[in-house]
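This report describes the architecture, the charged pairs and a surface feature of one protein model. The sequence and the coordinates are shown first.

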Amino acid sequence: MLNINGTHSNRIIFPTKYATSANFQRVAVYRKLSKIYWRSPGYNRVRLLVSAVVALLFGTVFASQRVPENEGDMNSRVTSIYITALFLAVNAQNTAVPVFEMERNMFYRHKAALMYDQSAISLAFFLCELPFIALASLVFCCLWYFTVGFIVEAGKFFWYYLFMTLSLATYTFAGQALISVLRDDVTAQGVGSIFIGLSSIFAGVLIRPQMINNIWIWAYWLFPLHYVL
């Protein structure tokens, strides 16, 4: 029979909160999420397809005139860089929300059962997203960079690829952060649209940096979209 008059001497006490170590949790959750990502072609295939379509759609506009001849041609290219970066940022943020929401609901059950903590799933999502973000950015840069007529130098190409990858990573993880603290995907996408809107306003295209009021100049350096430009 169970002793209803439990005392400190006969209580069952476990040395740790979880049955496994933190490293074991991280490895196990990473393996599980890796399989989920590789078995989710709808999510990852769409990212690659959108990257390729956007690159070809805007890149072919300048295919016949690879070298800008005047200031207007150069401004059109800068605007195209801005539009493509913004389009991919919106797609990265919005597509990450429903995937993370599904795993977030599963995490609540696992956390209640003391299977693993939030650091394990956060690290797993970070590591699982990186190769797909890098691949989507590579597909876009290879199709866009050379089609639009940018200078063919390895250093300049990889600098552009680096900033585009960091931009996609920022908006992808921003979408995951929003859905992790907000109630549902509708609320997260609504708040995310504000973040996207402010990024587009302070990217330095709609409002030139020298025209931004000193009170708001911090926003120009804070929001990540202008670094792609």
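With which residue does Arg47 form a salt bridge? The partner is Glu129, and the closest N and O atoms of the two residues are 2.7 Å apart. Arg47 lies in helix 2 (residues 41-59) and Glu129 in helix 4 (residues 118-145), so this pair ties together parts that are 82 residues apart in sequence. A salt bridge is here a side-chain nitrogen of Lys or Arg within 4 Å of a carboxyl oxygen of Asp or Glu.

The model is predicted: local features require pLDDT of at least 70 and side-chain atom pairs pLDDT 80 or more, whereas totals for chains, interfaces and linings use all residues. Residues are numbered from 1 along each chain as its sequence is written, and side-chain values use heavy atoms, with hydrogens and water left out.

**Overall architecture.** The protein has eight helices and zero strands; helices (H or I, at least four residues) and strands (E, at least two) are DSSP runs, numbered from the N terminus. Of its 229 residues, 39% count as buried. Buried means under 20% relative accessible area, exposed over 50%, and partly exposed in between (1.4 Å probe, protein chains only).

**Salt bridges.** The whole structure contains three salt bridges.

| Pair | Closest N to O distance |
|---|---|
| Arg47 and Glu129 | 2.7 Å |
| Asp184 and Arg183 | 3.6 Å |

Glu103 is buried at 7% relative accessible area, whereas Lys32 is partly exposed at 28%. Arg47 is buried at 7%, and Glu129 is buried at 0%. Arg183, by contrast, is exposed, with 67% relative accessibility.

**Nonpolar patch.** Trp159, Leu162, Phe163, Leu166, Trp221 and Tyr227 form a nonpolar surface patch with about 640 Å² of accessible area together. Patches comprise residues with over 30% relative accessible area and no salt bridge; like charges are joined within 9 Å and nonpolar side chains (Val, Leu, Ile, Met, Phe, Trp, Tyr) within 5 Å. Accessible areas come from the Shrake-Rupley method with a 1.4 Å probe, and for residues only the protein chains shown count as cover. Helix 5 (residues 154-181) gives the most to this patch, with four residues. In helix 5, Trp159 is exposed at 55% relative accessible area. Leu166, also found in helix 5, is partly exposed at 46%.
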